Each structure stands twice: as structure tokens, then as C-alpha cells.
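Here's a quick briefing on a few spots worth a look before you start working with this one.

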Amino acid sequence: LVCQLWREVGEEPGLWASVIIRMTRENMSNMVERLDCRRLRAVRELCVRSLGRLEVSDEMVEAVTRHPGLRVVGVRGANLSSVDPGLLARMVKKLEEVKMMFSQLRGQQLEAVMTALCESDSGLKILDISWNNLSRVDAGLLARALNMLEEVGMDNTHLTVEQWTAIFTAINQENSTMKQLNISCNNLSSVDAGLLASAVNILEEVVMNLT
């Protein structure tokens with residue numbers, strides 16, 4: 001309802017940079033098209049929240065990966081289990097902050113993501129993978145990947161004593177960049193007390209509710 005000049009000005013990506021894109025069951029059918037439109041090219045954050053069944057597709061992950069502005073993606077309650085592991089890994093390492101809680105991640109996907117985080121071109125700083133089963137991920141790989149990050153959330157992740165030992169040992173190393181760790185709702189009773197205490201006292205913030 002305005003002239004072409006006003007439309008061009010209104011489409012300027014900088015005017016929309018503060019917008020948070022929210023994906024739901026109701027708008028998921030045209031979300032790829034939205035992510036590709038000019039006006040949203042500078043948007044930094046995408047929020048995917050589902051209280052019901054919402055399956056994230058490869059096409060959607062590809063759209064996020066090629067988006068020039070996105071740096072923060074939060075997925076809570078949506079099903080990521082059908083996404084190609086390599087594609088998911090490329091998306092994660094391109095971002096700065098990723099939250100994938102209650103997302104039904106498979107072992108192959110988790111291995112691919114952790115491997116990508118160990119690569120030098122990964123830009124990720126914050127990762128929350130709470131309420132996913134990580135018990136089958138290689139302990140050494142998991143420890144190396146997580147200690148490349150600054151903030152990690154791992155509520156109720158079913159980790160084994162071997163995995164916890166590897167993670168806490170890595171935190172005690174000089175090259176660890178981790179500052180904040182949330183490990184609530186995990187059984188740490190069999191982890192060496194001295195190793196756990198040493199790691200906790202290195203970090204700036206630790207959340208250990210119901211451990």
C-alpha cells in the first residue's frame with residue numbers, strides 16, 4: 001500500500017535485525033521461504049518451540065545454515081531425529097549459540113556434532129543439549145568437544161562415569177575454555193570426589209541441582 005521506494009526502504013535488513021523468528025506448527029510450512037527473504041537476512045535469532053509433534057526437516061536445517069545473519073538457534077521440544085547428521089553438524093558449528101533440549105537426538109547425530117565442534121573453524125560458544133541421551137557418545141570425543149565451548153548445558157543426559165571422568169579431567173587442563181556448566185538431574189555419585197571438586201572450582205558457574 002506504499003510506493004516502491006517506501007517498500008525498498010522497508011525491506012532493508014538492518015530495520016529487522018532485532019526481530020526473533022519463532023517457528024511453530026502453525027507457520028513451519030513457509031518458514032524456509034521466510035528465512036530466505038531479504039528483510040530477514042540480518043536477523044540473529046531463531047526460536048523453535050513445540051509442545052506437540054513438530055519434526056524439523058533437512059530443508060529447514062539447510063535454510064538455517066545458509067542464512068547470513070543467524071547466530072542463535074533455540075530448539076525445545078521439536079523432533080530433530082530425522083535430520084541428516086552431517087547437515088546438523090554443519091549448522092551447529094556455523095552458529096554461536098545452540099539449544100537443542102528435548103530434541104530426540106540420535107547417537108550418530110551427536111557424534112557428528114561433537115566431531116564438528118573439535119574442528120578449528122567451529123564458531124560455537126554455547127551449547128545446551130539437555131534431556132537427550134548422550135550415553136553412547138565416545139567419552140574422549142565428548143570431553144574434547146565440550147571443552148572447546150564456554151557454556152554447556154547437560155541436564156539429564158544419562159552420561160556414564162567414564163564420560164563424566166573424561167569431561168572433568170579435560171576441564172582441569174589448561175586449554176579448556178569452559179566457564180559455565182549445568183549438569184542438573186544427573187547421577188554423579190560414582191564420580192571421583194576429588195576430580196569433581198577440582199573441576200567445579202575451576203569454573204565460574206556450576207549448576208548441580210538433583211545430582
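D155 sits in the loop that runs between β6 (151-153) and α7 (161-171). Keep in mind that this is a predicted model.

**D155**
- D155 is buried yet has no salt bridge.
- R76 is the nearest side chain of opposite charge, and it's 8.0 Å away.
- Leaving aside residues up to four places away in sequence, D155 touches S130, W131, N182, S184 and N186.

**Helix α7**
- The buried residues here are Q163, W164, I167, F168, A170 and I171.
- They cover an arc of only 160° around the axis, so they end up on the same side of α7.
- What do the buried residues of α7 pack against? They pack against α6 (139-146), β7 (180-182) and α8 (193-202).

**Aromatic pairs**
- There are two aromatic pairs in the structure.
- F102 and W131 have ring centres 5.2 Å apart and planes at 10°, so this pair counts as stacked.
- F102 is in the loop between β4 (97-101) and α5 (107-117), while W131 is in the loop between β5 (126-128) and α6, so the pair ties together parts 29 residues apart in sequence.
- F102 is partly exposed at 34% relative accessible area, and W131 is partly exposed too, at 36%.
- The rings of W164 and F168 are stacked as well, because their centres are 5.6 Å apart and their planes at 15°.
- Both W164 and F168 belong to α7, four residues apart, or about one turn of the helix.
- W164 is buried at 0% relative accessibility, and F168 is buried at 1%.

Key. Residues numbered from 1 in each chain as written. Predicted model: local features only at pLDDT ≥ 70, side-chain atom pairs only at ≥ 80, totals over all residues. Heavy atoms only, no water. Helix = DSSP H or I, 4+ residues; strand = E, 2+ residues; numbered from the N terminus. Buried < 20%, exposed > 50% of the residue type's maximum accessible area, 1.4 Å probe, protein only. Lys, Arg positive; Asp, Glu negative; His and termini not counted. Salt bridge = Lys/Arg side-chain N within 4 Å of Asp/Glu carboxyl O. Contact = heavy atoms within 4.5 Å. Arc of directions from axis to C-beta. Phe/Tyr/Trp six-rings, centres within 6.5 Å; stacked < 30°, edge-to-face > 60°.
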